[in-house]
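Here's a quick report to read with the structure open in your viewer. Have a look at the model first, then come back for the details.

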Amino acid sequence: MQDISILIKKIMLRRIAFHVLCIVFMVYNLAVSAQEAGSVTEIGLAYSDFSKIGLTCRTGKTKSPWRLNALYIMKSGIDVEPGELEKEGLETSSKSNGLGIETRLGREFRVPISENISFRYGADLSFKYIFYDQNVSRQQQDTATLVFNSNADFRFNEFEPGANLVIGFCYSIGSICIGIETLPSFSFYKNNSQIDETYDITYNDVTQQKNYSISRKTDSDGYRYSFSFSSTIFSIVYQF
């Protein structure tokens with residue numbers, strides 16, 4: 001079971017590495033092709049929702065550049081050593097980790113409001129992928145002769161293509177541009193999850209041991225939409 005989990009992680013990491021290389025290649029080509037009269041190239045950092053950070057690139061005509069955002073969705077691992085949650089003979093150990101990537105490719109149009117401020121609007125095509133893995137182990141001794149052990153592995157991954165509008169503002173200070181934008185969006189998602197549980201009950205000693213194993217798989221899909229201002233991206237870029 002652990003070997004399968006490790007293999008799945010390796011496959012997911014290889015996929016993410018492939019997407020990262022593609023994004024780097026695209027950014028390089030966009031930057032090279034933008035060195036024309038009346039054009040602009042901007043490369044910098046983007047940040048959203050306290051858990052997403054990545055790169056943003058915009059290139060093309062000054063008032064209507066193409067745009068590419070690549071954000072990483074990170075989930076911190078949680079390690080709880082046995083005994084920290086001990087209660088009535090229960091010891092728990094939990095480990096979790098997750099990784100995701102969100103890319104958006106589109107075009108925006110800029111309308112100057114003042115010398116330093118511009119209004120931006122446009123649209124993107126988007127794609128998001130998330131992988132999450134958690135392992136929880138428990139041990140409980142109900143009596144002097146009964147020991148109950150359980151182990152649960154939970155794996156989840158989701159694909160989500162979609163589209164969004166772009167509404168925002170940009171404030172320029174020399175070659176630095178600070179931006180804020182909201183992204184009303186519509187997307188289709190498809191995910192699957194799997195839970196593998198094992199139970200080990202020991203009576204008196206190991207000669208009276210019982211083992212149980214349960215595996216559950218769930219697949220789901222549907223639509224998501226957001227027309228509020230909750231999805232906001234902050235960016236700071238350098239203009240070439």
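What follows goes from the whole chain down to a few residues.

## The overall picture

Keep in mind that this is a predicted model. The protein chain has 1 helix and 10 strands.

The protein chain runs to 240 residues, and 38% of them count as buried. Take the contacts with a separation of 6 or more: 64% of those link residues 24 or more positions apart. As for surface, the protein chain exposes about 14500 Å², with 62% of that coming from carbon and sulfur atoms.

## The cysteines

Searching the whole structure turns up 1 disulfide. Cys170 and Cys177 are the partners, with their sulfur atoms 1.8 Å apart. A disulfide is a covalent bond between the sulfur atoms of two cysteines. Both Cys170 and Cys177 are buried.

Cys57 is worth a glance too: it counts as buried because its relative accessibility is 2%, and the cut-off for buried is under 20%.

## Around Glu197

Glu197 sits in strand S8, which covers residues 185-203. Is this residue buried or exposed? Glu197 counts as buried, because its relative accessibility is 14%.

Who are its partners? The side chain of Glu197 makes a polar contact of 2.9 Å with the side chain of Arg216. Ile214 is 17 residues away from Glu197 along the chain, yet their C-alpha atoms are separated by 5.1 Å.

Definitions and conventions:
Residues are numbered from 1 along each chain as its sequence is written. This is a predicted model: local features need pLDDT of at least 70, side-chain atom pairs count only at pLDDT 80 or more; totals for chains, interfaces and linings use all residues. Side-chain values use heavy atoms; hydrogens and water are left out. Helices (H or I, at least four residues) and strands (E, at least two) are DSSP runs, numbered from the N terminus. Buried means under 20% relative accessible area, exposed over 50%, partly exposed in between (1.4 Å probe, protein chains only). A polar contact is a pair of N or O atoms within 3.5 Å; within protein, one must be able to donate a hydrogen and the other to accept it, and residues adjacent in sequence count only if both atoms are side-chain atoms. A disulfide is a pair of cysteine sulfur atoms within 2.5 Å. Contact means heavy atoms within 4.5 Å. Accessible areas come from the Shrake-Rupley method with a 1.4 Å probe; for residues, only the protein chains shown count as cover.
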